[in-house]
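Please look through the model below with its charged side chains in mind.

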Amino acid sequence: MAIVRKEIIQMRESVAKVVSLLSRTSVKVSMSGTRAYVENDMEGKTVRVNIPALPDDASDLAIMAVRGFVDHEVAHILFTDFKTRCSIPTALEPMWNSVEDIFIERKMSQVFTGSRSNLSKVRHHLLETVFDNAYKKAVDSGMKGVELFNRILAVPALRAMAGQTEFADWMGDKWDRIDILKTRIEDARIPKKLTLTESTSDCIEVARVLLSLIIDETQKEQEREEEDKPEESEGKVKSPDLPKTESKDEGEDESGDDQPSEAKDDEKPEESIEIEVDAGSADEEGEDCDKDEENDEIEVSGSSDGKSEESDEEDQGRSKSDSTATDTDTDMGFDFDLKDLDELEGIDDKVEPLSIEDALEEALSDAIDDSMSSYRPLTDQFDIYDVVENIGKQAAQVQTHEYFGENKEGAERYRKYFDDLFVNGERAFKRRIEAHLGDTSKNMAKQLERVVRSQNKSQWLGGQKKGRIHGASLFKLKTGDVRVFRTKEEHRSREAAVQIAVDFSGSMHSGDRIGTSLRSAYVMAEALGRCGIACRVVGFTSLFDLDVRGFERYLMSKKIKPGTLSFSRLEPLLLPILKDWDDKANTKLVKKRFGALAGNFPLANNADGECILRFIPSLMSRPESLKMMVVLSDGEPCARGRGMAEHLRAVTRFIEQKTDIKLLGIGIQTDSVKRFYAKHAVVNDLSELPAVVCGKIRELVA
């Protein structure tokens, strides 16, 4: 059985608030598909943050993961310098991202203290699931040392060094696997620098030092492994004090053993000598060995003596690099210079640890996948929820999206079509709505006033110890009873807010149902306004069909894994606002909106349940104590997808049982609403509306 959780409604609303927060940066937040991802422009600046489409019964784990993902990406948007970021070489980017994540989350927690709890909970979850699994697999495969740090432990280790307690606890029994690298990082005072970063430039400098240490330690680790090998590698001459081979195979490479006899007779070193030989340079090697026999290890490359001097210079440079730790001990500042990155341009992208973004995306997608059986839309990226006069512009923007092939001609047609409907709205209103109203609005207003007055009762209560003196009770004074006063008790009707939702599905063409619905909605809005009751009128339908496979190809073109394609609603929603809370029904603007929808407005499909849920937050945010929602519809929901009817039942059940909203379904020339709404009525003609609606309102407020 489909269910709807209140927490999901709140989560979707909070995402909408994030959109408002980020509007000044032109960053969009969408809920699409089954994957979390971020879209960046050519300069690396974030233009969209996407979270998976939340099922109505998503788990607490999924909600937590969404909040953590959004908080993390918002932190990047607010605190990362994207212009400086563009200067980062490919080789440095993964390590910079690991350092930058620490910086932005620290700033996020300082500015938005509420994010601390979200980030902490997410860290615990990521460590217990994603990082734990990755670490165990890596260790089982024999990964260790620098490679283990590069692939798995870089993010947990650096965050632990930066003081994040969740990662410090997790790293407790894992430090010994990277003990040498850990010591070098601490000697370079990287942990202290991680807590002092204040900009993207600072993070780049820390990452540069880190990457240099890792590359150097990788080389040293390889050297140690070579020294630890029991057998000498091919191409090296055995030490003279080791047993000599009396014979060798005919096919053996002679490049390493063909030394001049004079050199062998003269050499009597006190210590064993290891000679590395380049094939094909044996004649010159003998001379080099005579000159450098005092060295413990002699490298012979077949070049001139000048090569040895160059090697000495390289060794000195390496020693200078190793001294980074002592150099930084005295200076905790950040001396970032773009020129410092030139040395990294030619380095292969070797260091690419499991990032927080990757872990978040994996955890979020896994949590969402657990609820695949529940109702979920493909995407809300193309939904339109706006006042009628803005629909043309919004529809054109959808058509110019690259998913639709940037269809500029189609966009212009859509814009012009909807704009023309609005321009001619006032004339359509007079012809299709106002001409049929008569005195219906006035009659309904009178009946509503009577309903309101019936809730206003007052009575005098006698036998009180204070209040006004009640003459009929004065006789009690003879007996010492002082309860000779009375007080007036008044019962006022509660302040109310009513939201009216009109079905604009294709079946509403039949029998002029759409005309009856719009007239009914307008009459109710005007009558409620006369009684001082806040009212809002909205509509719901779909815009046009979405090609699921096409959307998948679009995501793949963005290098975004779309995930399992199993969705309930595949069409963009079109949710026009005809009258908002502060609008007056008899204004020219509102009449034009009603007229535009009464004309040749395209009536498509209807996903009633999801649309009603989209309207709920606006009603719940109202201060009035009595909240009511009236849905004018002609039948069952119908849209391309699955589970529409079951989802509508789940939504109405949720509103009726889990909220304080009074829900009323009015069937327009049909009684099908009784299958979905506990409180329902049928209106076949506009003249029936006042008695039917006022009667139901009286029942709901009683």
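**Charged side chains and their partners**

The side chain of Glu357 makes a polar contact with the side chain of His76 at 3.0 Å, a polar contact being a pair of N or O atoms within 3.5 Å, where within protein one must be able to donate a hydrogen and the other to accept it, and where residues adjacent in sequence count only if both atoms are side-chain atoms. The structure is a predicted model, in which local features need pLDDT of at least 70 and side-chain atom pairs count only at pLDDT 80 or more, while totals for chains, interfaces and linings use all residues. Residues are numbered from 1 along each chain as its sequence is written, and side-chain values use heavy atoms, with hydrogens and water left out.

Glu357 belongs to helix 15, which spans residues 356-369; helices (H or I, at least four residues) and strands (E, at least two) are DSSP runs numbered from the N terminus. A further polar contact, of 2.9 Å, joins the side chain of Glu357 to that of His72. When residues up to four places away in sequence are not counted, Glu357 touches His72, Glu73, His76, Asn97 and Asp101, contact meaning heavy atoms within 4.5 Å.

Arg159 itself is linked with Glu105, Arg123 and Glu166 in a network of salt bridges.

The structure holds 31 salt bridges. One of them joins the side chains of Arg106 and Glu198, at 3.6 Å from N to O, and this pair links distant parts of the chain, with Arg106 in helix 4 and Glu198 in the loop between helix 9 and helix 10, 92 residues apart.

Asp216 and Arg184 meet in another salt bridge, at 2.9 Å from N to O. Because Asp216 lies in helix 10 and Arg184 in helix 8, the pair ties together parts that are 32 residues apart in sequence. Both Asp216 and Arg184 are buried.

Conventions
A salt bridge is a side-chain nitrogen of Lys or Arg within 4 Å of a carboxyl oxygen of Asp or Glu. Buried means under 20% relative accessible area, exposed over 50%, partly exposed in between (1.4 Å probe, protein chains only).
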